[in-house]
Amino acid sequence: MYPTKMTNNQPDLEIKLEKRLRKNAYLIPMVTMGTAGLLLFGIGLMMHLFEAGRYWACIPAGVLVHSYVIVSLHEGAHKSITRTKADRLIANISAALIFLPVGELYRKYHLIHHRDTNSVNDPISPPVLRKLYLKNRFYYILCECIPLLYTFYLVMNYQKTENKRAPVNEIRISWAYFIFSIVLSAFWFVLVQPSLWFIGGTLLAFNVVSVLRNWCEHMGTNPDGTSNTYWFPMGFGIGHHELHHEKPYLSWLTLTVGLFKQKKETNPAKALYGILFDKSFRFYTKK
């Protein structure tokens, strides 16, 4: 059961819209794959600009990668594309095509985040991260902005304490999918031959955007808060976050439409101001 503040206002509009869209079994998958394809094309265009000397191109590339992850990897992890087992394959292929063959890892820890949102078992904001934030915000910000390295540390920390927690039906990683994703990513890398500097710069930009979005989602000053409804550039409905946690099967298309009708509680500028200057700005905690 996911935490939510929407219990007195059931999202009838979004549920009806989702049912309407799902009447054609191919509509959401086709629009999703088409959108992901356009975003991937945009990333490729930025890569060519970078190789032509426009080194700033890795910044918009990072934003495009973030959007691509939402509509492909994130949706696949929730089985929100085809609503079949094929979504897991789509998620792994999608991750491999941006040279991040971690679809299985993302799927596991993101679903655990949904299951244990804002609790001590939440891998996105574990106790070690919350303690660091309370001790030194600026050091916390620096650590969060280090791509992969700090994420790897958090994953290892979660794994180390996994057996100490109460028994649960743990979400498993498919090693077959994981290996397949690595092989596909290596093949794609040889075929495309991207600049390592472009990959590094894009990864840094993507990580900063992702961290900023996380601050929008599960941090704030509301003592009763669980998550926020917010605006985010090229967020593709992810800002409809309370509803996403309540009903994670809803597609990004449905969430995008519904978000226009929702009051926004925050945005990247407010979240950044809060984390830098507001002492009451905190991680939300499960009640």
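Some ground rules. Residues are numbered from 1 along each chain as its sequence is written, and side-chain values use heavy atoms, with hydrogens and water left out. As this model is predicted, local features need pLDDT of at least 70 and side-chain atom pairs count only at pLDDT 80 or more, while totals for chains, interfaces and linings use all residues.

The whole chain, then. The chain has 13 helices and two strands. Those are DSSP runs, numbered from the N terminus: helices are H or I, at least four residues, and strands are E, at least two. Of the 287 residues, 52% are buried. Buried means under 20% relative accessible area, exposed over 50%, partly exposed in between (1.4 Å probe, protein chains only).

Now look at helix 13, residues 268-277. Which of its residues are buried? Pro-268, Ala-271, Gly-274 and Ile-275. Why one face? An α-helix has 3.6 residues a turn, so residues three or four places apart point the same way.

The buried residues pack against helix 6, helix 7, helix 10 and strand 1. Contact here means heavy atoms within 4.5 Å. On the other side, Ala-269, Tyr-273 and Phe-277 are exposed.

Last stop: helix 9, residues 175-192. Ile-179 sits there. Is Ile-179 buried or exposed? Exposed, with a relative accessible area of 51%.
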